[in-house]
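This report goes through one protein model, from its overall make-up to single residues. The sequence and structure come first.

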Amino acid sequence: MTQPASAPILFDRRLLALRQQRAARAPETFLLERVAEDLADRLAAVNRSFTDAADVWTPGVGLAPHLIGRIAQPLHLAPPDTADETLSLAPQSLDLVLSALAFQFVNDLPGLLVQIRRALRPDGLLLAAMIGGDTLTELRQSFAAAEAECEGGVSPRVAPFADLRDVGGLLQRAGFALPVTDVDRVVVRYASAFGLMQDLRRMGAANSLVERRRTPLRRATLLRMAEIYAERFADPDGRLRATFDIIWISGWAPHDSQQKPLKPGSATASLEAAVRRAPREE
C-alpha cells in the first residue's frame, strides 16, 4: 500500500526522522514520559490479556520500558523516513496496537487507521495518543503576529492538528467498533518562549512541514515573537503558558461478542410515557 495520490504530503518525513533520531539521544522528554505512563495505566484498566502487540512509530525507544510486566513486549515499528507510510504488518496478526505521540505527524491518517484495523484480529484493540486540538496555540498566534508585523506575511511554523471530533469520525470510517476519544489538556509554564522552543527541539518536534519557509528566521522576528508571547500569554508571576492537547483514541476490531447499539425503533417504552409517569414537584 503506497501513499495515495489524493493524500496531501504535509510533513517532510525524512527531516522529521532525523530530528527524532537526534532527540532520542537526549534524556526522555516530559511529554512523552507522561503520555507513556498514562497509556500504561489505561491499558492496565482493560480487563483483557494480549499476546501479540505492536508499537506503531512511538519516538525513541518506544513504549516497551513502560510496559514491563504488564503485557508481552510489543514489536516496535520505527517511524518511517519516507513518504511511504505502509505498515509491515500481516492481516489479523495482532491483538493490540499501541502508539504514543506519532499520529500527529502522519500524512495519511485515515489510511494508517485502515492498515491498523486490518492488522488486528477480531476483538483486537487500538490504543493511541496524539497531539491535537489547540496544542501550541500560543506559539502559533505569537509567530503569526510577529511575522505579519516584521515581514509582511505569515509562513506555516506550527503544524495543523486534528480535532477530537475528526479523529472519532476517522475511527468509524476505518471500521473500528466502540470508538472512544477524549482529550487531556496539559498546560506547561516556561520562563520564556525560547524555553518552549528548546523543549520542542528536544522532542524532535520542530517545524517539519513541507511548506515551511526555507530561509533562516530573522532575529528581529524571533525577538518580536517572544515579546508578543510574553504580552499575551503570561501569568501574573511572569511565566508563560503553553498548551498541549493530548487526544486519546481507542477502538476495537469488530467481533460478535461486543455490545451492539439498539436498532432504531426497537425501544419497548417511550420517553413521553416515562415523563407522564414521573411524580411532579409542587
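The sections below cover the overall fold, the sheet, a helix pair and a few individual positions.

## Overall make-up

The model is predicted. The protein contains eight helices and six strands. Read from the N terminus, the elements follow the order α-α-β-β-β-α-β-α-α-β-α-α-β-α.

Of the 282 residues, 44% count as buried. The protein exposes about 15200 Å², and carbon and sulfur atoms supply 53% of that area. Among contacts between residues at least 6 apart in sequence, 82% join residues at least 24 apart.

## The sheet

Six strands form an open sheet in the order β2-β1-β3-β4-β6-β5, and the pairing is mixed. The edge positions are taken by β2 (75-77) and β5 (177-190); each has a single partner strand, so one side of each is left without a neighbour in the sheet. From one strand to the next, the twist averages 15°.

Strands of a sheet pair through backbone hydrogen bonds, in either a parallel or an antiparallel manner. Both kinds of pairing can be followed at β4. On one side, β3 and β4 run parallel and are joined by six bridges; within this pairing, Leu98 has Leu127 of β4 as its bridge partner. On the other, β4 runs antiparallel to β6 (residues 240-252), with eight bridges between them.

How many residues of β4 are buried? The count is 11 of the 13, so β4 is largely enclosed by the rest of the structure.

## Packing of α6 and α7

Helices α6 and α7 (residues 219-233) pack with their axes 9 Å apart, at an angle of about 110°. Since angles of 65 to 115 degrees count as roughly perpendicular, α6 is therefore roughly perpendicular to α7.

On the α6 side, the contact involves Ala193, Phe194, Leu196 and Met197; on the α7 side, Leu222, Leu223, Met225, Ala226 and Tyr229 take part. By residue class, the contact comprises nine nonpolar residues, no polar ones and no charged ones.

## Arg202 in α6

Helix α6 covers residues 193-202, and Arg202 belongs to it. Arg202 is partly exposed, having a relative accessible area of 29%. Along the chain, Arg202 and Arg22 are 180 residues apart, yet their C-alpha atoms are separated by 8.1 Å.

## Two leucines with positive phi

Leu101 is not a glycine, but its phi is positive, at about 55°. This residue lies in the loop between β3 (94-100) and α3 (109-119). Is Leu101 buried or exposed? With a relative accessible area of 8%, Leu101 is buried, because the cut-off for that class is under 20%.

Leu136 likewise has a positive phi, near 55°, in a residue other than glycine. The loop that holds Leu136 runs between β4 (120-132) and α4 (137-150). Leu136 is buried, and its relative accessible area is 8%.

Key
Residues are numbered from 1 along each chain as its sequence is written. This is a predicted model: local features need pLDDT of at least 70, side-chain atom pairs count only at pLDDT 80 or more; totals for chains, interfaces and linings use all residues. Side-chain values use heavy atoms; hydrogens and water are left out. Helices (H or I, at least four residues) and strands (E, at least two) are DSSP runs, numbered from the N terminus. Buried means under 20% relative accessible area, exposed over 50%, partly exposed in between (1.4 Å probe, protein chains only). Contact means heavy atoms within 4.5 Å. Accessible areas come from the Shrake-Rupley method with a 1.4 Å probe; for residues, only the protein chains shown count as cover. Two strands pair if DSSP finds at least two bridges between them. Axes are lines fitted to C-alpha atoms, for helices over the stretch in contact, and angles run from 0 to 180 degrees between N-to-C directions. Angles under 35 degrees count as roughly parallel, over 145 as roughly antiparallel, 65 to 115 as roughly perpendicular and the rest as oblique. Ala, Val, Leu, Ile, Met, Phe, Trp, Tyr, Cys and Pro count as nonpolar, Asp, Glu, Lys and Arg as charged, and the others, Gly among them, as polar.
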